[in-house]
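My notes follow the model itself.

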Amino acid sequence: MNRWLTLPMHFAIMTLAVRAFAQPAEWFQYHPTPHPAPSPRHQHAMIYDTDRAESIVFGGYELETGFKGDTWSWDGMVWAQRAVAGPSPRRGHAMVYDSNRNVAVLFGGYTEAGEYNNETWEWNGTAWSAWTKLEGGTA
């Protein structure tokens with residue numbers, strides 16, 4: 001039985017085939033066409049959306065152009081740039097996938113203003129929405 005794990009890496013896709021019975025793993029490099037694809041970057045965040053069967057990449061830092069605030073999806077074959085409106089450009093943020101609510105949750109990051117923030121955003125597969133601060137109450 002084969003299981004596939006796909007990880008975006010700049011313009012290429014590295015796919016790891018994990019075979020049963022402790023056989024060595026095999027890596028394959030894919031060059032998706034047609035482009036576009038996310039620019040090379042670091043300190044971005046990525047999740048796998050199990051409901052929509054796609055990986056989502058947000059933000060990061062590119063050496064030539066600086067902070068990134070773009071959202072990309074990878075369906076295993078094609079990259080697509082997604083929502084234009086959403087979190088401000090940032091790097092070093094965290095993202096997780098909430099499978100109970102079928103949303104990605106993004107938190108924090110280091111902004112172009114040189115500050116860390118505590119913003120929380122949700123990606124529902126088509127658009128970003130900001131969480132608002134809840135006042136009062138106790139845990």
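**Confidence.** I began with pLDDT, the predictor's confidence in each residue from 0 to 100: the protein chain averages 83, and 76% of the residues score at least 70. Residues 1-20 stay under 50, and the model has 64 contacts for them beyond four places in sequence, a contact being heavy atoms within 4.5 Å. Where pLDDT is low, the predicted coordinates should not be read in detail.

**Ground rules.** This is a predicted model, so I kept local features to pLDDT of at least 70 and side-chain atom pairs to pLDDT 80 or more, while totals for chains, interfaces and linings use all residues. Residues are numbered from 1 along each chain as its sequence is written, and side-chain values use heavy atoms, with hydrogens and water left out.

**Overall.** I found zero helices and 13 strands in the protein chain (DSSP runs numbered from the N terminus: helices are H or I of at least four residues, strands E of at least two). Of its 139 residues, 37% are buried (buried is under 20% relative accessible area, exposed over 50%, partly exposed in between, with a 1.4 Å probe and protein chains only).

**Sheet.** I traced an open sheet of four strands, antiparallel in its pairing, in the order E4-E5-E6-E7; two strands pair if DSSP finds at least two bridges between them. E4 (45-49) and E7 (79-81) are the edge strands with a single partner each, so one side of each has no neighbour in the sheet. Three bridges join E6 (residues 66-74) to E7, and Trp-72 has Gln-81 in E7 as its bridge partner.

**Hairpin.** Next I looked at E9 (residues 94-98) and E10 (residues 103-107), which pair antiparallel over five bridges. Ala-94 is bridged to Phe-107 in E10. Four residues lie between the two strands, and Asn-102 takes a positive phi near 60°.

**Rings.** I count seven aromatic pairs (rings of Phe, Tyr and Trp, the last by its six-membered ring, with centres within 6.5 Å; planes under 30 degrees apart are stacked, over 60 edge-to-face, the rest tilted). Tyr-61 and Phe-67 are edge-to-face, because their planes stand at 85°, with the centres 5.3 Å apart. Tyr-61 is partly exposed at 21%, whereas Phe-67 is buried at 17%. Trp-74 and Trp-79 make a tilted pair, 5.3 Å centre to centre with 45° between the planes. Trp-74 is buried at 3%, and Trp-79 is buried at 4%. Last, I noted a cluster in which ring pairs link Tyr-61, Phe-67, Tyr-110 and Tyr-116.
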